[in-house]
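I open the notebook and list what I want to look up: pockets, salt bridges and strand pairing. I take them one at a time.

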Amino acid sequence: MKVIKISILDDDQNDIQKIAKVVNNQTDDEISFDIESFSSSSYLKEPYLSDLYIVDIKMPDDSGFSIAERILSKNNGAKIIFCTAHESFVFDSYDLNVFYFVRKSHLEKDLRRAIEKYRKISAGYWYALHGREKADSLIPFSKVMYLHTQGNNTLIMCADGKEYVDHHPLRTVSQSFPEDRFCAISSSCVVNLAFATKIEHNSIILSDSKHIPISGARIIKVKQKYNQYLMEMMA
């Protein structure tokens, strides 16, 4: 059974109990939860090792945004779920790597969805899009052809022709993609090797015939990784 460690930060003990009850109701034969709670951010100490942090945005001694920034600076793999009665704050959360936004007025419904989303992500087959328009979209890794820098954001191109814009830089986004399948061919592009047909003239050619240049500094490493991938597929 997989155990997910969860930290709840809320100055209202009644809300902590409600949140813990909803979370515990999601336990089944495959997953269980190890929950700890804090009524003040001063009680939350490093190292921040929980998998999920359910954080009230409006805390008396600190801002939920500041708390989230501290956690993510030490553990960028942690998932932040903001839980608040102040729904307008959702628009201020986009600059953080926020996993979900739970409304206290719809606590059970929203938190159930957040936990289900986490279960899918932790299974290793999906990417959770962080964007202003489609913050809750789940994209299967198997459909992503490549990732590309688009200003300060990341463009995600899929095999079905759909495009998604993630509101985070490529370096941050690519960390969530499987290393055995996705390869950085330059500082601005990461390719899914499952869609690569060959490497030719310092470019990687995808199944849709698109040619993407490989940086000179990475050509040897990319070729090695592509050959390794092909050998693993034939094994």
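**Pockets**

I started with the second largest pocket. Its lining has 19 residues, and Lys79, Tyr127, Gln175, Ser176 and Phe177 lie nearest its centre. Strand 6 (126-128) and helix 4 are the elements that give two or more residues to this lining. Strand 6 gives the most, with three residues. I noted the space in this second largest pocket as about 390 Å³. I sorted its lining by class and found nine nonpolar, nine polar and one charged. I also reminded myself that this is a predicted model.

Next I turned to the largest pocket. I read its volume as about 520 Å³. It is lined by 17 residues, and those nearest its centre are Ser174, Cys183, Ala184, Val190 and Arg218. Which elements each supply at least two residues of this lining? I found helix 4 (170-174), strand 11 (182-186) and helix 5 (219-234). The largest share is four residues, and it comes from strand 11. By class, I wrote down eight nonpolar, four polar and five charged residues for the lining of the largest pocket.

**Salt bridges**

I looked up the count of salt bridges, and it is eleven. I picked out a few pairs.

The first entry is aspartate 56 with lysine 104. Their closest N and O atoms are 3.5 Å apart. Why does this pair tie together parts that are 48 residues apart in sequence? I checked where each partner lies. Aspartate 56 is in the loop between strand 3 (52-55) and helix 2 (64-74), and lysine 104 is in the loop between strand 5 (98-103) and helix 3 (107-122), so the bridge ties together those parts. Then I asked about accessibility. Aspartate 56 has 5% relative accessibility, so it counts as buried. Lysine 104 has 22%, so it counts as partly exposed. I also found Asp56 and Lys104 in a network of salt bridges with Asp10 and Asp15.

The next entry is aspartate 110 with arginine 103. Their side chains meet in a salt bridge at 2.8 Å, N to O. Aspartate 110 is buried, with a relative accessible area of 3%. Arginine 103 is partly exposed, at 24% relative accessibility.

My last pair is arginine 119 with glutamate 116. The closest N and O atoms are 3.9 Å apart. How are the two placed in helix 3? They are three residues apart, so about one helical turn separates them. I noted arginine 119 as partly exposed at 21% relative accessibility. Glutamate 116 is partly exposed too, with a relative accessible area of 40%.

I then followed strand 14 (residues 203-206). Are its faces covered or open? Both faces are covered: Ser203 and Ile205 on one side are buried, and so are Ile204 and Leu206 on the other.

I looked for pairing partners next. Strand 13 (residues 196-200) pairs with strand 14 in the antiparallel sense over four bridges. Lysine 198 has isoleucine 205 of strand 14 as its bridge partner. Strand 13 and strand 14 form a hairpin with two residues between them. In that turn, histidine 201 has a positive phi of about 55°.

Strand 15 (residues 211-213) also pairs with strand 14, antiparallel, over three bridges. Here isoleucine 205 stands opposite histidine 211. This hairpin has four residues between strand 14 and strand 15, and serine 209 in the turn has a positive phi of about 75°.

Key: Residues are numbered from 1 along each chain as its sequence is written. This is a predicted model: local features need pLDDT of at least 70, side-chain atom pairs count only at pLDDT 80 or more; totals for chains, interfaces and linings use all residues. Side-chain values use heavy atoms; hydrogens and water are left out. On a 1 Å grid over the protein atoms alone, a cavity is a set of points where a 1.4 Å probe fits but cannot get out, and a pocket is an open set with protein on both sides within 12 Å along at least five of seven lines; lining residues have an atom within 4 Å of a point. Grid points are joined across faces, edges and corners, and a volume is the space filled by probe spheres set on the points. Ala, Val, Leu, Ile, Met, Phe, Trp, Tyr, Cys and Pro count as nonpolar, Asp, Glu, Lys and Arg as charged, and the others, Gly among them, as polar. A salt bridge is a side-chain nitrogen of Lys or Arg within 4 Å of a carboxyl oxygen of Asp or Glu. Buried means under 20% relative accessible area, exposed over 50%, partly exposed in between (1.4 Å probe, protein chains only). Two strands pair if DSSP finds at least two bridges between them.
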